[in-house]
Protein chains: 4
Amino acid sequence: MAGNSIGREFTVTTFGESHGKVVGVLIDGCPAGLALKETDFQEELDQRIPNNPNIVSPRMEKDTVQFWSGVFNGKTTGAPLTLTVESKETRSSDYEATKTLPRPAHSDYPAHIRYGGFNDYRGGGRFSGRITAAHILAGVVAKKLLAHQNIEVLAYTRTIGPINSQKEFTLTQIKENRKATSTRCPDLADDAKMEAAILSAKEAGDSIGGVIECLTLNVPAGIGEPLFDTLDGDLAKALFSIPAVKGVEFGTGFRAAQMRGSENNDAFRIKDGQVITTTQNAGGIMGGLSNGMPIILRVAIKPTPSITKEQQTVDLATMTNAQLGIKGRHDYCIVPKAVPVVEATVAITLIDHLIRAGKIPKTLRS
Amino acid sequence: MAGNSIGREFTVTTFGESHGKVVGVLIDGCPAGLALKETDFQEELDQRIPNNPNIVSPRMEKDTVQFWSGVFNGKTTGAPLTLTVESKETRSSDYEATKTLPRPAHSDYPAHIRYGGFNDYRGGGRFSGRITAAHILAGVVAKKLLAHQNIEVLAYTRTIGPINSQKEFTLTQIKENRKATSTRCPDLADDAKMEAAILSAKEAGDSIGGVIECLTLNVPAGIGEPLFDTLDGDLAKALFSIPAVKGVEFGTGFRAAQMRGSENNDAFRIKDGQVITTTQNAGGIMGGLSNGMPIILRVAIKPTPSITKEQQTVDLATMTNAQLGIKGRHDYCIVPKAVPVVEATVAITLIDHLIRAGKIPKTLRS
Amino acid sequence: MAGNSIGREFTVTTFGESHGKVVGVLIDGCPAGLALKETDFQEELDQRIPNNPNIVSPRMEKDTVQFWSGVFNGKTTGAPLTLTVESKETRSSDYEATKTLPRPAHSDYPAHIRYGGFNDYRGGGRFSGRITAAHILAGVVAKKLLAHQNIEVLAYTRTIGPINSQKEFTLTQIKENRKATSTRCPDLADDAKMEAAILSAKEAGDSIGGVIECLTLNVPAGIGEPLFDTLDGDLAKALFSIPAVKGVEFGTGFRAAQMRGSENNDAFRIKDGQVITTTQNAGGIMGGLSNGMPIILRVAIKPTPSITKEQQTVDLATMTNAQLGIKGRHDYCIVPKAVPVVEATVAITLIDHLIRAGKIPKTLRS
Amino acid sequence: MAGNSIGREFTVTTFGESHGKVVGVLIDGCPAGLALKETDFQEELDQRIPNNPNIVSPRMEKDTVQFWSGVFNGKTTGAPLTLTVESKETRSSDYEATKTLPRPAHSDYPAHIRYGGFNDYRGGGRFSGRITAAHILAGVVAKKLLAHQNIEVLAYTRTIGPINSQKEFTLTQIKENRKATSTRCPDLADDAKMEAAILSAKEAGDSIGGVIECLTLNVPAGIGEPLFDTLDGDLAKALFSIPAVKGVEFGTGFRAAQMRGSENNDAFRIKDGQVITTTQNAGGIMGGLSNGMPIILRVAIKPTPSITKEQQTVDLATMTNAQLGIKGRHDYCIVPKAVPVVEATVAITLIDHLIRAGKIPKTLRS
């Protein structure tokens, strides 16, 4: 059973359901001495609400964090850190009429089987995108710890539906624009096109997916564990906890399958007394270990399952065919909301591996 | 530390290095009462040697299993099962001359950093493809257990370099041809083209990658654990233990990012009193749980890092730039060899989740 | 790091500090479908307050449970169950004056070293007996699950200081008296003597310890895991989480060391078609596995470290010798309070092993 | 399932059965760079054979270690370390006649239930004392690592049957005599008496138990994890993996239950600029954390279950009462053999906690 925890040293356990009282996280293994205050969480929590309200669900979740344990005199104590966000606006009645009609591409059907019908089905319950608010909470703590090692995690949108922003982004562009644009795409022109693509899906009563890329800077070489706790494997596993993720790739990824070794191998050179690679096809990970270069990964996000268009489903109570038109408030594209969640998830995984590798002290000194 | 184990209930720990005495596996949690004999392993071990010897390394590893513990009177006892294959043909001298020159795209450099130079560098040591022989051993046990539930795992080659075998394969074709063709592609015409593509890379002193697809039949609905031990997340993590894997996707995968919800959502219908989906875009997994339909995943395999062509590297002893021409016996394309490893890895992960879900008894009765 | 979780299948993680907002528990792996309401917890929470207020700390903790996640329509959902009790009466100022003076026999000194001084030192923080309220919460859930298998866990006091209640108690006596007596001793005469012993220590500005025994009925044979996850080993480990425990023994325990095999071995007989043992020297566990007979264990509780008498300590700020007279409200004997905690802890460990052994369904049906 | 592994960072998994080919250990997480050669193991392996052959089983197990993986150029590589001892002298036929007659106080009966009769019953199979040879192997590695921190683990015999050696031993006496005496008691006079007590039990066709004490020096303060991975809890759990252990206590242990706080509390003082305690009643552990003083624990060993005297048992094939006279070669007292096993087990647990606390580097430098 279980399955709600991740990380061996920085162990993140999340709890709460879409329409429950709270969504929260318990972190066991956060080093003592990290300065932490409620306001540290606000910017990241707000990132889940895209700048253009037209492209998201009218269910606005303006979240604020509550601290329950693990902080004393403004610093972490080394004891479990428990954080929640309250769920205020839940219209559970939306879900009563359709509770025996599993929504296509949602977890409703297998969750019903898995839990014998006892699962909280309202809004997807434990499987809802809502619960990724807890990823964000843990990610804020992880990123504060990573900052102690000068490590930066930067996620942004690469594609939404047919719009593929293939340019090479500058670091400045990524840092400045990914939080400023509605779609979290660093290119302003492509952002506008992506916004249009979302609105077009919305008008059609439909939804749309995309690809999120994440760049991580300054991870030292040699982080990760062979054989089964590889850095890429653990990142992939963590990323699949985000609802709607259908694929994960590193560096050239699926493109590597079509390349020759002489093209795909990254040559080593010495630069400023350091070993570097002249290209970044490996995405910063070789043999499951970081190679000291930027870590680059991409995540495929499927179109949001909830659409207004009528769909074919079944009635689990009568085991007969049925039709479903989803009325609840939902998103037309969750890519923009998922960008900070990808960033948080990568941060959580990295800090765990850095602690495992002995790169983060058990107690931080100011 | 650690990292050499995977699985919570069917816990697989592998050991051994490329040029060590043995490569082996210790399985803790195998149910008691499973009939197991040495000959059960031979067909799968032999699958690692493709039918056409021209397309693989001249280092032929004809392996046979040795049992060390956990079997009594021809059946598993419930105690740890320890299995090895011996390593006979190792020409370690090949590696001495270049031991401070990390091979591009191999783990040599980060492993050197990670282990302070104490790692066994011969042939990649613990990071070598050779160690996937232990995946095969564990996979044979896992597949015998899965057979008790009528579950079949079938991996095969989809692409090698530029050759993409996009047809829909019949189940018969997959079952008959994937072991018969040199490249493990179920389509005979594409197999011939793929073979030619490998030989062309070989002639150029180069290497080539590909995509392996894996189809799993008869997994019941509701297998997997939310939130962080999802079935797709755990499969992805396990698959990244195979050297050269750079991406993993389920169902429509990265293609889903370009689709609309109305296209990508799989409609539910009742068929023969069972819930089915009319399309298989989810790849059999929704919300991290199996949905009762076939599980379909694809794995990107990069071109083999070892190539005969000269490459740029560095000398870690002198921290200067250097050139490297790899002389050791190596593969031009590891895709065919990796096919049974993908199959084994999927089987290991599935059996672990089936035991977690209480679907496999702790003691098997004949 | 970490360390705040126990159990592989019924995973209990506790959080909170003595003077924090709450003490709580997150249970991951509770089967779905267990009926659970707030009032189920009250009787057990109240057991931590002995009937005679003179023998305990004036800090009265009348606790009530709050549910945060994992319950829907009055039943567990299979999602993480989060429960807390609020901490109302905390006089943190008691601890400011002495914050650099570690209290002898308390965790203050090693905790200060372990967490670099960042730990919440008020009332022992994370190391306080207060946090065992979370054991009680988890224990209530565990005992409700055990009741589905007809398993009963019954802890009671065997000795307090010099008073050793050595009689063989009847099951009726244990069930009726252990909750009715102030000291949780099933023998009324011994209870009175024990109460007097506590009051005598109180008058002397001193404290007193004791031994708690725990009897578990109806555990089937074959529960436990060789070699390192034995039932006795896991029970012992769990019991050492209770502050003040200094020893754990099973069956004849330390007395066995003085016996001969012919005296200590429990003979097997067939009774009513079942295998039984005619004596219970093994305490129900052989080779780390339950043998189907009652499980009997005993726990040594040291005298409460906090005493009014002046004690020698050191000042960690100045690294000089110092004197300490503890003024905070404290207990003269924690044995009575610890009895329900022992019971809860045994229940938590047993339910975990029963789930591991496949004896508890993943979903309960009414 | 599972259960054959212990330790989070220095993860020890053992395998093999009493009458199998080998007994072995796989250590995952041993730091790289530790010098290790076969002869390092001999002295400890030989310690399992007491000096006086009359007091032990005629089954002499002169073991030598074999290395299978994880060592390269005489040093550990950071990869899994696999070590075995071969089992040469096994007379399995001794067990055939009685295979359905569970031996009283042995694991035979619950193991039969647990594994549905598939367990290797010969000599107790996986539950035999023989498998503690693997503890010894892991202990040698652990003690070599502990020596890097100047930590010493010293176990010795305190009592055998009625002979209780209660004197305070000097460190010299412990170090010189515990390996020299037959019974591993540091006091020569008491050793002779203990030997006589064993021979007296032998003559009576009976067996005898005892108490082993273990002293660990130079563990720094602050090692251990609250709340559930306490140092005392983890030591206790590990010690219960040794067959025949029925109790574990720390410092004053069960005696503490009869003491007052003013007697049992260890006063702090400053000595040579360090915090010390003037008495050692806590046994070096407070609140689950080491306090920097010697760790003192005691383990109760029951009399060996195997005795020559006839005993009452049952026939599991016919479910009828039966008689059993054990003919196999067995020990009259396993205390002397268990002494190095206790030492090894404490060492394994400590090194795991030291690595968890970040006190052992991931890579050792000469």
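These are my notes on two chain interfaces in a predicted model.

**Entry 1: chain B against chain A**

I began with the contact count and got 105 residues of chain B touching 105 residues of chain A. Putting the two together buries about 8,300 Å², and carbon and sulfur atoms give 59% of that.

Next came the polar side of things. I have 45 residue pairs in polar contact between chain B and chain A, both partners at pLDDT 80 or more. The rule also finds 6 salt bridges across this interface. One I looked up is A:E225 with B:R114, at 2.8 Å, N to O. For the side of chain B that touches chain A, strand β11 (residues 245–250) gives the most, with 6 residues. By class that side has 50 nonpolar, 37 polar and 18 charged residues.

**Entry 2: the β11 strands**

Strand β11 of chain A pairs with β11(B) in the antiparallel sense, over 3 bridges. A:V248 sits opposite B:V248 there.

**Entry 3: chain D against chain A**

Here I count 6 residues of chain D in contact with 6 of chain A. The buried area is about 440 Å², with 29% from carbon and sulfur atoms. There are 4 residue pairs in polar contact, both at pLDDT 80 or more. I also note 2 salt bridges across this interface, including D:R8 to A:E9 at 3.5 Å, N to O. The side of chain D that touches chain A has 4 charged residues, 1 polar and 1 nonpolar.

Key: Residues numbered from 1 in each chain as written. Chains lettered and ligands numbered in written order. Predicted model: local features only at pLDDT ≥ 70, side-chain atom pairs only at ≥ 80, totals over all residues. Heavy atoms only, no water. Contact = heavy atoms within 4.5 Å. Buried area = accessible area lost by both parts, 1.4 Å probe. Salt bridge = Lys/Arg side-chain N within 4 Å of Asp/Glu carboxyl O. Polar contact = N/O pair within 3.5 Å; in protein donor to acceptor, adjacent residues only side chain to side chain. Nonpolar A, V, L, I, M, F, W, Y, C, P; charged D, E, K, R; others polar. Helix = DSSP H or I, 4+ residues; strand = E, 2+ residues; numbered from the N terminus. Pairing = 2+ DSSP bridges.
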